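Trainee: I am new to this model and would like to learn how to read it. Where should we begin?

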Amino acid sequence: MSQINVKVGENSRIFPAPISVAEALKSVDRDLLKKSLAAKVNGEEVDLSFELRPTDEVLSIEPILQETRDGLEVIRHSAAHLLAAAVLDLFPGTKLGVGPALMDDPRYGYYYDVITPETLTEADLPVIEKRMRQIAGKNLAYRREEISRDNLVKLFNERDEPLKCELINEKAGETATAYHIDNTSFVDFCLGPHVPNTNKLKAFKLLALSGAYWKGDANNQQMQRIYGTAFATQEELEAWLKQREEAEKRDHRRVGKELDLFSIQEDYGQGMIFWHPKGGAIRTEMENYLRDELQRRGYGMVFTPHIAKRQLWQISGHEENYAENLFEPTKLPEWMKEETEFRLKPMNCPFHIGIYKTHPRSYRELPVRYAELGTVYRAELSGTLHGLMRVRGFTQDDAHIFCTPEQVETEVGACVDFAYDVFKTFGFETFKVELSVRGEAHNKGFLGSHEDWENAENALVKALKAREIEYERIEGEAAFYGPKIDIKVEDSIGRLWQLSTVQFDFNLPERFELEYIADDNKPHRPIMVHRALFGSVERFFGVLIEHYAGAFPFWLAPVQIAILPITDRINEYAETVGDELRQAGFRVETNLKSDKIGAKIREAQIQKVPFMIVLGDKELEENKIAVREKNKGDLGAMNLDEFIETARKLRETRALTNV
RNA sequence: GCCCGAGUAGCUCAGGGGUAGAGCGCAUCCUUGGUAAGGAUGAGGUCAUGGGUUCAAAUCCCAUCUUGGGCUCCA
């Protein structure tokens with residue numbers, strides 16, 4: 001029994017006990033050990049220093065290589081420890097919170113939450129980072145220690161680390177594990193695994209400083225969070241930083257300003273969007289497209305007010321369940337002596353229900369589909385506001401479908417098809433679908449009968465399966481009033497945006513006592529489905545700006561054609577050509593400045609105008625136009641009619657490129 | 001809301017206890033130039049707002065407003 005039977009890949013070896021994972025790997029393949037950061041023994045993650053115990057079974061060892069996702073996680077987690085060690089070193093008396101690796105956040109790779117004696121500022125980040133490099137350069141070992149819970153609590157008590165003690169008491173079993181970085185004063189309560197030595201951390205960077213509540217709860221004390229990232233190699237880090245720069249360049253706030261699309265004005269109110277003519281042109285196209293599609297798909301367009309009696313929001317349950325996002329009630333002026341209170345609408349649903357209820361419904365008229373570009377107002381915390389992405393007033397491309405249980409599956413399917421069609425039109429190709437359901441353990445607090453939930457979930461699943469759409473099922477993530485499908489899209493630089501949602505609602509039909517008369521001549525409760533495709537028109541606009549980096553396809557471009565006369569002898573001809581194009585329904589700008597043609601072209605390029613029409617004496621003489629496409633350059637001279645034909649086709653097909 | 005930044009010309013930003021700066025944009029004039037920047041001249045700012053320190057504040061301090069990054073993907 002003092003032997004250990006080990007399997008690494010296809011290689012089996014027998015070693016005399018004791019032996020560490022590292023030694024076992026090394027004897028199989030020396031290079032393999034070099035590339036390994038940790039390992040999995042029979043599936044369990046361990047450090048390379050882990051001592052294998054004699055046992056009858058064969059221990060299968062799978063190294064965690066640095067180029068894998070697991071490897072990256074180890075690197076980042078270890079970098080977080082290194083960060084904490086540096087902070088402790090620089091700022092004695094610092095209290096530590098938690099410091100995990102972040103694997104799914106494109107912005108950051110890890111963080112550590114700390115409370116330092118003096119609050120940190122961004123100027124401290126380079127200092128901390130420098131100290132991290134110094135420590136890493138000393139080739140210090142990450143050392144794991146198994147220790148009883150009580151002793152570990154004692155240890156952290158002595159170090160005056162109350163938050164750590166709290167965590168240990170919450171999470172640890174009888175025995176806990178602690179990690180040290182040798183020759184530093186840093187110890188952490190941590191499961192590991194970690195890199196064997198700081199020399200494995202070659203590419204890391206600190207990125208940002210922010211506030212964070214202990215355990216994410218605003219009732220708890222606020223700590224300072226230091227964000228960083230780390231990669232296996234310097235090249236990867238640099239590539240990532242470059243990609244980050246790219247993303248910054250296409251930030252919708254920056255592009256929105258450069259192209260004069262929209263503004264947010266501090267003097268008028270935070271979180272409210274002003275659409276300038278150029279943004280307005282894009283929005284008009286988006287809406288026209290949507291309205292066409294809604295009409296084709298059997299929706300009725302409705303328009304409803306922005307405020308309603310407060311009582312309505314009591315019936316709907318918004319005051320009860322959505323209170324934190326509601327604006328306070330408002331009233332008529334004092335002198336009118338009318339006490340009725342009103343509220344700005346946070347959602348459109350009650351209004352659509354109002355229309356549904358204006359007369360008795362027969363099963364023969366179902367499904368009823370109401371669509372509205374409904375502007376809603378929500379009280380978002382000022383700190384969460386962000387450009388077009390998070391605002392206080394926005395327009396939903398909202399719709400509500402009232403139908404019978406038999407119709408649900410078809411209706412849900414049609415919504416999903418609709419969403420996919422819309423996204424493809426705007427040039428999105430990759431989607432991620434999430435099905436949020438009640439979940440086994442969460443029967444409490446959810447409205448509606450068990451049967452309703454089953455049926456609803458089945459309808460959602462069937463609709464997805466019929467379309468062979470892969471989806472992720474998320475237990476317990478449903479809204480309290482019903483299950484839902486969320487659709488996320490991936491933009492041109494690989495970021496995911498949650499846009500569409502299709503949600504069942506068991507709550508409102510109940511609260512508003514919705515009915516239809518079925519073929520049994522009895523009243524039944526209709527099923528209600530909420531559905532939004534863009535989600536918010538403002539937000540979708542923001543996503544589009546970033547997706548296209550401001551270079552909108554022809555049908556959406558705020559200025560589709562720039563007319564650039566070479567000399568002012570041609571101005572009149574330029575105006576004529578411009579007018580004809582406007583008559584043909586295109587958005588045209590004529591540049592009559594006394595700039596040279598190169599400068600005019602440059603300006604149009606910067607404004608990302610799809611087509612330029614260059615006009616000189618030659619064109620005037622021959623009654624032609626010289627066309628230049630934004631990406632392809634000079635296309636040569638052609639007749640205006642010819643060009644209009646091409647442009648019409650691009651517009652009508654909503655082509656994504658100007659081929 | 002809370003933590004840390006930031007707020008100077010239309011935009012991007014430099015400066016910094018003692019006449020307010022640049023580039024781009026804009027205007028005027030010269031130039032009429034053939035596919036990514038022609039030249040000259042000029043206009044534009046209570047340095048976010050309010051208070052304080054000081055002989056003196058855009059600069060330092062405090063408050064307010066606005067804005068940016070964030071606010072448990074678990075030890």
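**Reading the model step by step**

Mentor: Begin at the RNA. A polar backbone atom of G383 is 3.4 Å from a base oxygen of RNA strand B. Keep in mind that this is a predicted model.

Trainee: How many residues surround RNA strand B?

Mentor: The count is 60, and the closest are K171, F189, S210, Q222 and R602. Then look at the RNA side. Of the atoms of RNA strand B that come within 4 Å of the protein, sugar and phosphate account for 48%.

Trainee: Now a helix, please. What length does α4 reach, and what is expected?

Mentor: Helix α4 covers residues 124–137, which is 14 residues. From first C-alpha to last, α4 reaches 20 Å, close to the 20 Å expected at 1.5 Å a residue.

Trainee: Which residues of α4 are buried?

Mentor: D124, L125, I128, E129, M132, I135 and A136 of α4 are buried. Viewed down the axis of α4, these residues fall within an arc of 130 degrees, so they line one face of the helix.

Trainee: Why do residues three or four places apart point the same way?

Mentor: An α-helix has 3.6 residues a turn, so residues at that spacing point the same way.

Trainee: What do the buried residues of α4 pack against?

Mentor: Their partners are α3 (69–90), β9 (110–115), β13 and β14. After α4 comes N139, whose phi is positive, near 50 degrees.

Trainee: Let us look inside α3. Is A79 buried or exposed?

Mentor: A79 is found in α3. Its relative accessibility is 0%, so A79 counts as buried. Its contacts, leaving aside neighbours within four places in sequence, are Y110, M132, Y142, L201 and A230. M132 is one of the buried residues of α4.

Trainee: How far apart are the C-alpha atoms of A79 and F204?

Mentor: They are separated by 7.3 Å, although the residues are 125 apart along the chain. Now set M612 beside that. M612 and F541 are 71 residues apart in sequence and 25 Å apart in space, C-alpha to C-alpha.

Trainee: Where is M612, and what is it in contact with?

Mentor: M612 is found in strand β32 (residues 611–615). At 0% relative accessibility, M612 counts as buried. Beyond four places in sequence, M612 is in contact with residues including A562, L564, I601, A604 and V627.

Trainee: With which residue does the side chain of H180 make a polar contact?

Mentor: The partner is the side chain of E145, at 2.6 Å. H180 is found in strand β11 (residues 175–181). With a relative accessible area of 13%, H180 is buried. Not counting residues up to four places away in sequence, H180 touches A141, Y142, R143, E145, F186 and V187.

Trainee: Where is the place of R378?

Mentor: R378 sits in the loop between β21 (368–377) and β22 (393–403). At 13% relative accessibility, R378 counts as buried. Its side chain makes a polar contact with the side chain of Y322 at 3.3 Å. Other residues in contact with R378 include N325, F327, P346 and M347.

Trainee: One more helix. What should the 18 residues of α13 span?

Mentor: At 1.5 Å a residue, α13 (residues 408–425) should span 26 Å, and its end C-alpha atoms are 26 Å apart, which agrees. Among its buried residues are V408, E411, F418, Y420 and T425. Just after α13, G427 takes a positive phi of about 90 degrees.

Methods. Residues are numbered from 1 along each chain as its sequence is written. Chains are lettered from A and ligands numbered from 1 in the order in which they are written. This is a predicted model: local features need pLDDT of at least 70, side-chain atom pairs count only at pLDDT 80 or more; totals for chains, interfaces and linings use all residues. Side-chain values use heavy atoms; hydrogens and water are left out. A residue is near a molecule or strand if one of its heavy atoms lies within 4 Å of it. A polar contact is a pair of N or O atoms within 3.5 Å; within protein, one must be able to donate a hydrogen and the other to accept it, and residues adjacent in sequence count only if both atoms are side-chain atoms. Helices (H or I, at least four residues) and strands (E, at least two) are DSSP runs, numbered from the N terminus. The expected span of a helix is 1.5 Å times one less than its number of residues. Buried means under 20% relative accessible area, exposed over 50%, partly exposed in between (1.4 Å probe, protein chains only). The arc is that of the directions from the helix axis to the C-beta atoms. Contact means heavy atoms within 4.5 Å.
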